[in-house]
Amino acid sequence: MLKIGSHVSFSDKGLLSANQEAVSYGSSSFMIYTGAPQNTRRKPVEDLYIEEGKAAMAASGIHEIVVHAPYIVNLGSYKENTFELAVQFLQEEIRRTHVIGVRNIVLHPGAYTDKDAEYGIERIAEGLNQVLEGTKETDVNIALETMAGKGTEIGRNFDEIAKIIDKVQNNERLTVCMDTCHMHDAGYDLAGDLDGVLHSFDQTVGLDRVAVVHINDTKNPRGAGKDRHAPIGAGWLGHEAISRIVHHELLAGRPFILETPWIGKESKTQRPMYEAEIALLRGNAMERFGETFFDHVERLHYFFDKQEIDYRTFVLGTWDLLKADAKARKADPREPMERLYDLVMEHEVLPELSEEAVNQRITAWFAGKELLVNA
């Protein structure tokens, strides 16, 4: 069974609430932060509803989930207080992850700030050696995330990941989290040469170390080094390329986790597209949404065909315009999905549906007419 889910909230009743949210999206896995990713404040483990959450997960058929380390951890820092905080807090997060019963905690390797990449790799390896040495009582792996190359972050190519791993003494507890947006933005051709990218990773790091895959589309062209996630199909990768990744035999068995943006005209009405994205990538959208959903998607195809709008041409053309023309971006900053939603509403194509429902069907439109044929 495909393990696929999204980032879900760990607030309120901890693991129990997280499972409930994941189930509402039709997930078979999910990812959590054990607290706010921007700070070190954490609830006592006794308040995380761990046993209740595990029971609910078992009843839901969810057996493997993922924890993400907070963003404030920077093992690449040359500042002693920042480095020591990163080591100590990551150790605490690993112990919490162990108590929750999760095997992999995803970590952004770190940034070298005012130094250089060589220093950053050495410093991160030094920190990982200390973290792993101090958490021997756990069986939690640290999954180093592939990064986009934004700023001075390390992990922007497979070679940097491999160098970190090689410099860590007991590196059997180091795994990798592939991120599709990050790899694309770092320059890897996932859409045009997926097999080549996976072969390169296998030769440099080893596919056996891949424990998690973050599946995100991207707002930027390949090699931009920006790290800006887009909904599935609404970015430069596209639905077809991401579907090939999710179903690639060399990545089988890993949890695939969505971190795609929430969509909506106003902040109060924004909703995730996780339910639609999961069903479309899994291939059970008919079972999840029913025939009427596909009737609506067919109406979208008919409408956009009349408007001579091709989904890939429109998406990439809009991103190109927003990136290249500052005057046009200032006059109309709307991203592709918002522009499409406004067109649908203006022409009353699906007037009976809520904003969330319309956006779910636009997400399905990105999957192409093959979706209608194979439904």
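**Entry 1: a pair of helices**

I began with helix α11 (residues 291–306) and helix α14 (residues 336–346), which pack at an angle of about 95° with their axes 12 Å apart. That makes α11 roughly perpendicular to α14, a word used for angles of 65 to 115 degrees. For my own reference, axes are lines fitted to C-alpha atoms, for helices over the stretch in contact, and angles run from 0 to 180 degrees between N-to-C directions. Helices are DSSP runs of H or I with at least four residues, strands are runs of E with at least two, and both are numbered from the N terminus.

Which residues of α11 meet α14? I found L300, F303 and F304 on the α11 side, facing L340, L343 and V344 in α14. This contact divides into 6 nonpolar, no polar and no charged residues. Contact here means heavy atoms within 4.5 Å. Ala, Val, Leu, Ile, Met, Phe, Trp, Tyr, Cys and Pro count as nonpolar, Asp, Glu, Lys and Arg as charged, and the others, Gly among them, as polar.

**Entry 2: what kind of model this is**

I noted that this is a predicted model, where local features need pLDDT of at least 70 and side-chain atom pairs count only at pLDDT 80 or more, while totals for chains, interfaces and linings use all residues. Residues are numbered from 1 along each chain as its sequence is written, and side-chain values use heavy atoms, with hydrogens and water left out.

**Entry 3: a second pair**

Next I looked up helix α1 (residues 14–24) and helix α2 (residues 50–60), whose axes come within 7 Å and cross at roughly 25°. The two are therefore roughly parallel to each other, the term for angles under 35 degrees. The residues of this contact divide into 6 nonpolar, 3 polar and 2 charged. From α1, I listed L15, L16, N19 and V23. Among their partners in α2 are I50, G53, M57 and S60.

**Entry 4: the largest pocket**

I then turned to the largest pocket, with a volume of about 470 Å³. Of the 23 residues that line it, the closest to its centre are H239, A367, E370, L371 and N374. Which helix gives the most to the lining? It is α8, with 5 residues. I also saw that α8 (238–246), α9 (274–282), α10 (285–289), α12 (311–324) and α16 (370–373) each supply at least two lining residues. By class, the lining has 13 nonpolar, 7 polar and 3 charged residues.

My note on the method: on a 1 Å grid over the protein atoms alone, a pocket is an open set of points where a 1.4 Å probe fits, with protein on both sides within 12 Å along at least five of seven lines, and lining residues have an atom within 4 Å of a point. Grid points are joined across faces, edges and corners, and the volume is the space filled by probe spheres set on the points.

**Entry 5: single residues**

Leaving aside neighbours within four places in sequence, I found R96 in contact with T34, R42, K43, V45 and L48.

E308 sits in the loop between α11 and α12. E308 has a positive phi of about 55° although it is not a glycine, and at 74% relative accessibility it counts as exposed.

Methods. Parallel < 35°, antiparallel > 145°, perpendicular 65-115°, else oblique. Buried < 20%, exposed > 50% of the residue type's maximum accessible area, 1.4 Å probe, protein only.
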